[in-house]
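The points are grouped by topic for reading alongside the coordinates.

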Amino acid sequence: MKIRCPKCKGSAELEPDFSLVRCQDCDLEMTYGEYVRYIAHSDVVYSDILGDYTGATAGQNAGTLDEWD
Ligand SMILES: [Zn+2]
C-alpha cells in the first residue's frame, strides 16, 4: 500500500501485513508502530486520530503548565 513518507513527504510503501514502512527515496525503513508514533509527533491532523498516544503526554504538559499560574 502506498502511504506518504513522514520524512521526505514522498511515496513510501507499507507492507500488506502492516509490518514495515519503506521509502526508497530517502532509505526510510521503520516498523508500522514506529511510523504511527513518528507521524503523531510531526503531524497535528494525525495526532487527533491517535489520541491514545498523545493523551498521556498532553496530561503531563498540562501539569507543567499549572505550575506557571
Ligand atoms: Zn522518504
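How many bridges join strand 2 to strand 3? The two strands run antiparallel and are joined by 2 bridges. The model is predicted, and its protein chain holds 3 helices and 4 strands. Read from the N terminus, the elements follow the order β-β-β-β-α-α-α.

- The 4 strands form an open sheet in the order 1-2-3-4, and their pairing is antiparallel.
- Strand 1 and strand 4 are the edge strands, each of which pairs on one side only.
- From one strand to the next, the twist averages 30°.
- In general, the strands of a sheet pair through backbone hydrogen bonds, in either a parallel or an antiparallel arrangement.

**Pairing of strand 3 with its neighbours**

- Strand 3, residues 20–23, pairs with strand 4, residues 28–31, in the antiparallel sense over 4 bridges.
- Leucine 20 has threonine 31 of strand 4 as its bridge partner.
- Valine 21 has its bridge partner in strand 4 at methionine 30, and valine 21 is also the bridge partner, in strand 3, of leucine 14.
- Cysteine 23 stands opposite leucine 28 of strand 4.

- In strand 3, Val21 and Cys23 make up the covered face, whereas Leu20 and Arg22 make up the uncovered one.
- Helix 1, residues 32–42, lies across strand 2, strand 3 and strand 4.
- The angle at which helix 1 runs to strand 4 is about 105°.

**Positive phi values in loops and hairpins**

- Lysine 9 is not a glycine, yet its phi is positive at about 65°.
- Lysine 9 is placed in the loop between strand 1 (2–4) and strand 2 (11–14).
- Lysine 9 counts as exposed because it has 11 C-beta neighbours inside 10 Å, and the cut-off for an exposed residue is 12 or fewer.
- Phenylalanine 18, likewise a residue other than glycine, has a positive phi near 60°.
- Phenylalanine 18 lies in the loop between strand 2 and strand 3, and the hairpin of these strands has 5 residues between them.
- Phenylalanine 18 has 13 C-beta neighbours inside 10 Å and therefore counts as partly exposed.
- Aspartate 27 takes a positive phi near 60° in the hairpin of strand 3 and strand 4, where 4 residues stand between the strands.

**Burial and contact range**

- What percentage of the 69 residues in the protein chain is buried? Buried residues account for 7% of them.
- Among contacts between residues at least 6 apart in sequence, 7% join residues at least 24 apart.

Notes. Residues are numbered from 1 along each chain as its sequence is written. This is a predicted model: local features need pLDDT of at least 70, side-chain atom pairs count only at pLDDT 80 or more; totals for chains, interfaces and linings use all residues. Two strands pair if DSSP finds at least two bridges between them. A residue is buried if 20 or more other C-beta atoms lie within 10 Å of its own, exposed if 12 or fewer, and partly exposed in between; C-beta atoms are placed from the backbone. Axes are lines fitted to C-alpha atoms, for helices over the stretch in contact, and angles run from 0 to 180 degrees between N-to-C directions. Two residues are in contact if their C-beta atoms, placed from the backbone, lie within 7 Å.
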